[in-house]
Each structure stands twice: as C-alpha cells, then as structure tokens.
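Have the viewer open and follow along.

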Amino acid sequence: MFRDLTIEQCDLHKYTLVDVRSPSEYREMTIPGSVNIPVFDDGERAEVGTLYKQVSKEVATDRGLEIFSGKLPAFIREFRKLDGEIVVFCWRGGMRSKAAATFLDLMGIKTHRILGGVRAYRHWVLNGLHSFKMEPPSFVLNGGTGSGKTAILKRLQREGYPVLDIEGLANHRGSIFGEIGLTSNNQKTFDSLLLQELMKLQESPFLLFEAESKRIGKLLLPDFLVEEKENAFHIFIEMPMKERVGHILEEYRLQEHHEEFVEAFRVIKRRIHSPVANEIEDELKQRHYGRILELLLEYYYDPRYRHMANQYPVDRRISVKVNSMEEAYQEIQKLLQAKSSFVSAQ
C-alpha cells in the first residue's frame with residue numbers, strides 16, 4: 001500500500017516527484033524538479049470537471065475511471081522509466097493522485113503520495129518565505145544598466161561562488177525591457193524557485209546577488225530580501241557607455257524583437273523629456289538601436305541609477321572603474337576574496 005507524506009516529511013531532493021495533474025496545471029505551477037505524467041490531459045480534465053459540476057460526483061468519477069483505465073498501460077510504462085523512489089501529487093491530494101498511487105502500487109512500483117498536493121506545497125512555500133531569516137552576509141552587485149552584472153554573476157556562479165540569481169529565477173531581466181525575448185515565470189513558480197535556492201545557499205559563508213527593485217516585471221520580491229539588499233555591502237561597476245551599449249545589443253538582440261522593444265518604450269515614454277522621447281521614436285523608425293540605447297541610458301536609466309547609488313552610506317559601498325566586463329569580473333573576484341572568508345575552489 002502506498003504511504004501518504006506531508007510536505008514536511010517529503011525531502012524534495014531525495015524523491016522522484018511526479019505531478020499527475022494536467023499539462024496546463026503543471027505549466028501554471030508545480031514543485032520544482034518534478035516531472036509531469038498526467039492522469040488526464042486538459043480536455044479530459046475539463047470533461048470530468050463539467051460532469052462533476054453539472055451532473056454528479058458519481059457520474060464524474062465513473063467517467064474519470066473509464067478514461068484512466070484506457071490509458072493505464074501507457075501510464076505505467078512512463079513510471080517504469082523513472083529512477084529513484086517515487087512520490088506523486090495532484091492539486092489537493094485527491095482522486096487523481098490516489099488513483100495513480102493505487103494502480104502503481106498494484107503494479108509493484110513503490111510509491112508515496114503528498115498529502116494536500118500542490119496546494120499544501122504552496123502554503124509551505126509562502127510560510128517559508130514569510131519566516132525566512134538570511135544567515136550569510138550579503139554582497140550586492142550594482143551598477144548602471146548594461147554593465148554586465150547578470151553575466152558576471154552567472155560566471156561567478158559557474159565557478160562555485162554562492163550566487164542568488166534572482167533574474168534567472170524570474171526569467172526576467174528586471175527592467176521595463178526585461179521580458180524582451182523571454183517569458184517570465186509567474187509569482188507562484190518564482191516563489192518556489194526562490195525558496196528552494198535560498199535554502200540551498202543558507203550555509204554559505206556569504207551570498208552574492210544583483211541589486212533589484214521590489215518588483216521584477218510583474219513579480220514581487222519578499223520584503224526580507226529587499227531589506228537584505230538595503231543593508232548589504234554594495235559593489236558598484238562603473239563602465240563606459242559604449243561598452244554598456246554593446247552588452248545590451250548583444251544580450252537583447254533587439255533587431256529580432258523590434259515590436260516588443262517599441263511596446264516597452266511606449267510604457268516609459270511619458271517619463272522621458274519630450275524632445276528626447278521624440279528623438280527616440282524617430283530613431284526607432286530607422287532601427288538605430290545603438291543611438292536609442294545611448295539616449296535611454298543618458299536620459300532615463302543613468303539619472304535613476306545615480307539617485308539610487310547616492311542612497312547608500314560610503315562605508316557600505318565601493319566602486320570599481322573598468323573598461324570591460326572581463327576587468328569587472330577580475331576586480332569583483334578580488335573584492336570578494338578580500339572582504340569575505342570565502343576561498344574559491346580552483
């Protein structure tokens with residue numbers, strides 16, 4: 001017989017997690033690292049749900065069993081491909097996960113089930129973020145738009161430094177143009193990934209992350225992380241505008257996403273002095289992206305950045321003046337090694 005586990009009992013890194021909900025539910029939000037082997041596809045789920053609401057629970061259950069029994073051999077074959085000890089879950093730990101666990105058990109596949117399903121997991125995430133206490137001291141990478149902060153963090157992360165890649169977890173670059181060429185995660189997925197990553201990094205000697213505002217696109221950061229940013233030691237990158245423009249052009253590939261770029265600009269147009277905004281619109285028609293970025297940096301992003309930078313006390317910030325991303329990386333490495341007990345694994 002399968003065993004029910006609470007979220008607190010379920011080591012999310014130990015088990016092979018299987019979400020048996022429909023594909024659209026899985027895409028909306030799931031437990032990070034889980035795979036999707038659905039009991040019903042989206043159309044079947046809609047059919048059973050309609051019967052439940054409009055006819056009766058009994059009729060809906062009978063139709064659900066009829067659908068599931070027809071696809072059971074293929075369902076079992078998918079599970080036999082998995083390694084490790086299996087834990088299944090659905091939305092509330094109800095009929096779908098119970099049916100899946102029961103049939104898997106009958107076929108000799110050892111299985112557990114999460115009590116309360118994804119809904120219980122969501123409550124666990126929210127409670128975890130609400131009560132989370134940051135243990136490691138933090139360093140925040142700051143600097144003007146286009147100074148390569150994200151690329152530098154990713155490189156440091158690859159080399160073993162304890163980096164919290166907030167924009168990577170959000171799948172958003174953190175500005176009004178931050179979703180160009182991307183599809184950002186929703187709040188539920190972001191919260192789940194953030195808590196998972198924070199727990200993983202809690203024993204690190206320090207934490208390094210990028211300066212972000214309270215909001216990344218439509219996503220909200222938890223208050224404790226915003227407060228941690230305000231109280232952390234900030235490393236500011238100062239880099240020539242030409243280099244920064246080159247980084248933005250390389251990362252955003254604006255020629256491939258022109259209409260998205262135009263729509264994003266329209267959101268901030270009213271915040272830019274009219275003659276400059278009109279010049280940007282003229283340059284957009286010609287697709288002169290380099291000039292457009294120079295204007296945006298000079299008249300929109302850099303003034304905001306300078307105002308923000310001046311808010312931090314001099315004893316909690318340092319600036320590195322560099323001519324390239326490689327120089328910035330080398331200087332930041334030196335600073336981290338000098339200001340923390342971290343020893344990079346070489």
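Start at Phe-177, which is buried at a relative accessible area of 5% (buried means under 20% relative accessible area, exposed over 50%, partly exposed in between, with a 1.4 Å probe and protein chains only). Bear in mind that this is a predicted model, where local features need pLDDT of at least 70, side-chain atom pairs count only at pLDDT 80 or more, and totals for chains, interfaces and linings use all residues. Numbering runs from 1 along each chain as its sequence is written, and side-chain values use heavy atoms, with hydrogens and water left out.

Now for the aromatics: searching the whole structure turns up 13 aromatic pairs (rings of Phe, Tyr and Trp, the last by its six-membered ring, pair if their centres lie within 6.5 Å; planes under 30 degrees apart are stacked, over 60 edge-to-face, the rest tilted). Take Phe-139 and Phe-206, an edge-to-face pair with 5.3 Å centre to centre and 85° between the planes. Phe-139 belongs to strand S6 (residues 138–143) and Phe-206 to the loop between helix H8 (187–201) and strand S8 (207–210), so the pair ties together parts 67 residues apart in sequence. (Helices, H or I of at least four residues, and strands, E of at least two, are DSSP runs numbered from the N terminus.) Both Phe-139 and Phe-206 are buried.

Back to Phe-177: with Phe-261 it makes a tilted pair, 5.1 Å centre to centre and 45° between the planes. Phe-177 sits in the loop between helix H7 (166–170) and H8, while Phe-261 is in helix H11 (residues 258–268), so this pair links parts that are 84 residues apart in sequence. Phe-261 is buried too, at 2% relative accessibility.

Next, have a look at S6 itself, where six of six residues are buried. Ser-138, Val-140 and Asn-142 point one way, and Phe-139, Leu-141 and Gly-143 the other. In a regular strand, side chains alternate between the two faces of the sheet. S6 runs parallel to S8, joined by four bridges (two strands pair if DSSP finds at least two bridges between them), and Phe-139 has Leu-208 as its bridge partner in S8. S6 also runs parallel to strand S11 (residues 233–238), through five bridges, with Gly-143 partnered by Ile-237 in S11.

Finally, find the open sheet of five parallel strands, in the order S1-S5-S4-S2-S3. Strands S1 (3–5) and S3 (35–36) are at the edges with a single partner strand each, so one side of each has no neighbour in the sheet.
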